[in-house]
Number of protein chains: 2
Amino acid sequence: MTFSISAQDQQSKARTGTLTTDHGPIHTPIFMPVGTAGTVKAVHQRELETDVQAEIILGNTYHLYLRPGLDVLSQAGGLHKFNGWSHPILTDSGGYQVYSLSNTRKIKEEGVTFKSHIDGSTHRFTPEGVMDIQRTIGADIIMAFDECTPYPCEYGYARQSMEMTHRWLDRCIGRFDATEGYYGYQQTLFPIVQGSTYPDLRRQSAEFIASKEREGNAIGGLAVGEPAEEMYKTIELVNEILPVDKPRYLMGVGTPANILEAIALGVDMFDCVMPTRNARHGILFTTEGIMNLKNEKWSRDFSPIDAGLGGYASTFYTKAYLRHLFKAEEILAAQIASLHNLTFYLWLVRQARVHIDAGDYVTWKNEMVERLMRRL
Amino acid sequence: MTFSISAQDQQSKARTGTLTTDHGPIHTPIFMPVGTAGTVKAVHQRELETDVQAEIILGNTYHLYLRPGLDVLSQAGGLHKFNGWSHPILTDSGGYQVYSLSNTRKIKEEGVTFKSHIDGSTHRFTPEGVMDIQRTIGADIIMAFDECTPYPCEYGYARQSMEMTHRWLDRCIGRFDATEGYYGYQQTLFPIVQGSTYPDLRRQSAEFIASKEREGNAIGGLAVGEPAEEMYKTIELVNEILPVDKPRYLMGVGTPANILEAIALGVDMFDCVMPTRNARHGILFTTEGIMNLKNEKWSRDFSPIDAGLGGYASTFYTKAYLRHLFKAEEILAAQIASLHNLTFYLWLVRQARVHIDAGDYVTWKNEMVERLMRRL
């Protein structure tokens, strides 16, 4: 995997670049739609490629491990073959999901024991095991097994957790480097910076992660409830340490404003369930601001969902029709809204790239952040 | 609206033809996907047009009247403008849905009083009112307000109900012919033959309906639980009376085998929720037979859903992937299965047309009925 930077903004840390994988190029900054169980909810693969213009999607190790299971994925020839997505895929480590199961999981130095949310069966994830699982899933980018601490988090716990995440990282690297992919293409491992919101821990973690000299690095443990300002400060601090010539991935972020601000701080990759989850609840992100399609006010608005965005979902269907579909609890509501929101998120990062290349990113970003977060 | 017959099969009553509406031509025999609340469930309008190759879809008067309501539909400029479907639309009369609300509706000569399933509010449908409603919805083909009797049905009730349906038809025609469409295109009214499974009543009803000399005629009250043989006998009897030069619409039918048999008996138009409803439950109709995608046996079958059918949903996705989506209760499961089943149904009637035109319809139909109803 190679990463080349095309342009560096002069007023901020924003940059454009290209991450090249065996499944094709990823233009950064990029947003990665989340395909939890091997599907980006309510969106056909053809729509992801053609309408959304996604360049890489996410899979969740925890979900894929439980269902369809490694046996099926292995026989299919990996997740790309299984779901038909021929562009790059990134898998998380399963850590975040496992920690969310707070009542049924036990964390030890060796790894984490947890119960399946599907059938209650007991499983164990270890750093080595999670590398093997992601080898089998066949993601292009594999994430290290980490602990994502909650917010707020006591200093002592945050430090101990970060230190364990670092020890786990060494075990991940050991296993990853001693193994090869099963399907004939290259995979790469991204380590994850932790340390909650404590500057000294974040600095220490970023230095540790940078010292591993992997092909890309991630920032985890943010967007878990802390104020946005605290998140931005942490990103700024961490990005001063993470190498400039490697892609930086901010995990689980966020709103359109979060993404534009983090790009200004030098982040290259994002993922979040927000565009698809909010879509299913009737919340649309548009070029004019945020709309709740369940509101009565849209019932007689026969204008396109978002004429300024363009594309099928946003211009073919009207606000009044989509509002009707939500009230009638029709599946097509989730389909249109998900397709629209993802198209919007990918448009947003494409626009960011255009403005970084043009040299006016900060001016554009400041206008957009205000406009995009308006409640319509 | 005009109807021209292109070919008449020599071994059966099957025929091909073209029904021309102001929203374009409909090639018969045709299957009409059901779009209950202004949406064919889980299928984008673009997919209906391009992948399914639907030529006409249905709307349900009962559902559309309650939600989004006539006010919204009228302001939108009718259902075509509201949902973006620019080809022909047929609306049922609401009668079938109203009678299904058996606990909350009261049938009188004047009309039917019922309570909304959404908010319990009281409404009344009369023959005149239902004509006005369908004028407002703006369907190309409008159905008469009838009573659909259950199966089995006592002779006395069936006769009285049929007689009321005939009196209602005269009121429908009176109102329809005294009014005009709101949106600048022609609408047409189809009357409906009733009479349960009693040959003398069916004959009497078919004669009454034929005497009205409308542009097309429908057969109602079938596929409500009676044996298939009884349904076929009734269709045969009715089609001997309904004019040959007018399209015949068999309401609410049916399985692939039902459709092929009814085509042989001279039916031209069909609608049924089966392809979409069964799809949502994991039941797929394919060129090789019927599959239950929830079965374990498909979990490692990485072949396309239906290579013989062709088209996006059926060849891009595999059986194993679709099975996984059903087990994981993903929305995409309903999307793929609905798109596949509708593509199959429209393929089926296109193939029927090809074989009627080629003169080998009965031979082909007999082979297909056996093959398509196999359980895979």
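Reader: Is Lys41(B) buried, partly exposed or exposed, and what is its relative accessible area?

Author: This is a predicted model, and the general idea is a cut-off: buried means under 20% relative accessible area, exposed over 50%, and partly exposed in between. Lys41(B) has a relative accessible area of 23%, so this residue counts as partly exposed.

Reader: Which side chain does Lys41(B) meet in a salt bridge?

Author: Side chains of opposite charge can pair when their charged atoms come close. Here Lys41(B) forms a salt bridge with Glu330(A), at 2.7 Å from N to O. The pair crosses between chains: Glu330(A) sits in the loop between helix H12 (319-327) and helix H13 (331-358) of chain A, and Lys41(B) in the loop between strand E4 (30-32) and H1 of chain B. Glu330(A) has a relative accessible area of 5% and is therefore buried.

Reader: Where do Arg46(B) and Asp51(A) lie?

Author: Take the contact before the location. The side chains of Arg46(B) and Asp51(A) form a salt bridge, 2.7 Å from N to O. Arg46(B) belongs to helix H1 (residues 45-52) of chain B and Asp51(A) to helix H1 (residues 45-52) of chain A, so this pair joins two chains. Arg46(B) is partly exposed at 28% relative accessible area, while Asp51(A) is buried at 15%.

Reader: How far apart along the helix are Glu163(B) and Arg159(B)?

Author: They are four residues apart in helix H6 (residues 155-177) of chain B, about one turn of the helix. Salt bridges that share partners also join Asp71(A), Glu296(B), Arg300(B) and Arg323(B) into one network. Glu163(B) is partly exposed, with a relative accessible area of 27%, and Arg159(B) is partly exposed at 33%.

Reader: Which residues form the positive surface patch?

Author: A patch takes residues with over 30% relative accessible area and no salt bridge, with like charges joined within 9 Å. In this model, Lys106(A), Lys108(A), Lys115(A) and Arg124(A) form a positive surface patch. Lys106(A) lies in strand E7 (residues 106-107) of chain A. With a relative accessible area of 60%, Lys106(A) is exposed.

Reader: Why is helix H9 of chain A described as largely enclosed by the rest of the structure?

Author: For a helix, go through the residues and ask how many are buried. In helix H9 (residues 256-264) of chain A, nine of the nine residues are buried, so the helix is largely enclosed by the rest of the structure. The buried residues include Asn258(A) and Glu261(A), along with Ile259(A) and Leu260(A). H9(A) is followed by Gly266(A), whose phi is positive, near 95°.

Reader: How many residues of helix H5 of chain B are buried?

Author: Helix H5 (residues 127-137) of chain B is mostly covered, with nine of its 11 residues buried. Among them are Glu128(B), Gln134(B) and Arg135(B). Gly138(B) follows H5(B) and has a positive phi, near 90°.

Reader: What separation do the C-alpha atoms of Gly254(B) and Cys272(B) have?

Author: Gly254(B) and Cys272(B) are 18 residues apart along the chain, and their C-alpha atoms are separated by 5.7 Å. Gly254(B) is in the loop between strand E14 (248-250) and helix H9 (256-264) of chain B, and is buried at 3% relative accessible area. For another pair, Trp85(B) and Val253(B) are 168 residues apart along the chain, with 23 Å between their C-alpha atoms. Trp85(B) lies in the loop between helix H3 (79-83) and strand E6 (89-91) of chain B, and is buried with a relative accessible area of 1%.

Reader: Which residues does UniProt list for the domain?

Author: The unreviewed entry lists residues 12-371 of chain A as "domain: tRNA-guanine(15) transglycosylase-like". That span is 45% helix and 16% strand, and its end C-alpha atoms lie 20 Å apart.

How values were computed. Residues are numbered from 1 along each chain as its sequence is written. Chains are lettered from A and ligands numbered from 1 in the order in which they are written. This is a predicted model: local features need pLDDT of at least 70, side-chain atom pairs count only at pLDDT 80 or more; totals for chains, interfaces and linings use all residues. Side-chain values use heavy atoms; hydrogens and water are left out. Patches are made of residues with over 30% relative accessible area and no salt bridge: like charges are joined within 9 Å, nonpolar side chains (Val, Leu, Ile, Met, Phe, Trp, Tyr) within 5 Å. Accessible areas come from the Shrake-Rupley method with a 1.4 Å probe; for residues, only the protein chains shown count as cover. A salt bridge is a side-chain nitrogen of Lys or Arg within 4 Å of a carboxyl oxygen of Asp or Glu. Lys and Arg count as positive and Asp and Glu as negative; His and the chain ends are not counted. The place of a charge is taken as NZ of Lys, CZ of Arg, CG of Asp or CD of Glu. Buried means under 20% relative accessible area, exposed over 50%, partly exposed in between (1.4 Å probe, protein chains only). UniProt positions are given in the numbering used here, feature names are shortened, and annotations may be inferred rather than shown by experiment.
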